[in-house]
Each structure stands twice: as C-alpha cells, then as structure tokens.
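Hi everyone, thanks for coming. Have a look at it first.

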Amino acid sequence: AGVLGRRRENGLSGLLVEFDPASDLVEMLREIWGKYALFFYDKYGGTRVGMVWKPASNKTRKLSVNAMRYSTPTATFPSSDDSLQAQPVLELNREEILHDIIRAGNGIIASVTVKQA
C-alpha cells in the first residue's frame, strides 16, 4: 500500500508539514502592495491579517504615466503660487488595491473589514 496508504490508515492524510497559508499570503501581500501598506499577522495561530496604509499613500502625486497603477486622476488643485497654473494630480485608489487583495487571497481571505480613522 506504500507510504500514502499507511498515512491514511493512521489518519494523517491531511497533515502538511510547514504549510502556513497565512504566512504565504502576508509574504505575497508585502511583495505586491508593500509600497502602499504594512501587513502583519499573528504567526502563532491568529486568524486575521492586518493592514495599515503607509502615510506616504495619502499624498497626491504629479500626473505621470509611470505612476498610474493603483492611482486615480483627481480634479486640479489650486496652486499656492498664483503665477503657476493648477496641475492634475494622482491619488491612490485604495478601493482598487483592496479589490485586488481580495482577489489574490481567494480561498484564504474570508472577509475584509475597513475601519475609518
């Protein structure tokens, strides 16, 4: 019956050594979205993953093709210097990031709760 047969007989067919989906998920989140947010979890058995937006994600950026990912163009803002014309800016599209995180965590993420500061 081989090794697998013995494992089933012993009731160990579902045992996976060093399988930690939460750790893998947080590692993936940090790699992809670590530029925008901090991710953390309890590696000793917690059931939740926390996320906090980085302060830099609140800042608007100049309109640039390279900065378009996860960004939304916003209305122009008045310049503090009257001699300069207003320029379009980009804001971080947090809803898009959360949507992509939920999609990437399909099967692992059960729900998302957004708390306003």
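This is a predicted model: local features need pLDDT of at least 70, side-chain atom pairs count only at pLDDT 80 or more; totals for chains, interfaces and linings use all residues.

Which residues does Ser57 touch, once we leave aside its neighbours within four places in sequence? Those contacts are Tyr36, Leu92 and Arg94.

Now slide along to another loop residue, Tyr70. Tyr70 lies in the loop between strand 3, residues 61–62, and strand 4, residues 71–77. Tyr70 is buried too, because its relative accessibility is 3%. What I'd like you to notice here is the backbone: phi of Tyr70 is near 60 degrees, which is positive, and Tyr70 isn't a glycine. As background, most residues other than glycine have a negative phi.

Next, helix 2, which covers residues 21–33. Let's do a quick check on its length. Helix 2 has 13 residues, and at 1.5 Å a residue it should span 18 Å; the C-alpha atoms at its ends are 18 Å apart, so the two agree.

Which residues of helix 2 are buried? They are Leu25, Val26, Leu29 and Trp33. If you look down the axis of helix 2, these buried residues fall within an arc of 95 degrees, so they line one face of the helix. And what covers them? The cover includes strand 1 (37–41), strand 2 (49–53) and helix 3 (94–104).

Let's zoom out to the whole chain. The protein chain has three helices and five strands. Reading from the N terminus, the order is α-α-β-β-β-β-β-α. There are 117 residues in the chain, and 18% of them count as buried. The chain exposes about 9,500 Å², with carbon and sulfur atoms supplying 53% of that area.

One last number, on how the chain meets itself. Take the contacts with a separation of 6 or more: 38% of them are between residues 24 or more positions apart.

Happy to go back to any part of it.

How values were computed: Residues are numbered from 1 along each chain as its sequence is written. Side-chain values use heavy atoms; hydrogens and water are left out. Helices (H or I, at least four residues) and strands (E, at least two) are DSSP runs, numbered from the N terminus. The expected span of a helix is 1.5 Å times one less than its number of residues. Buried means under 20% relative accessible area, exposed over 50%, partly exposed in between (1.4 Å probe, protein chains only). The arc is that of the directions from the helix axis to the C-beta atoms. Contact means heavy atoms within 4.5 Å. Accessible areas come from the Shrake-Rupley method with a 1.4 Å probe; for residues, only the protein chains shown count as cover.
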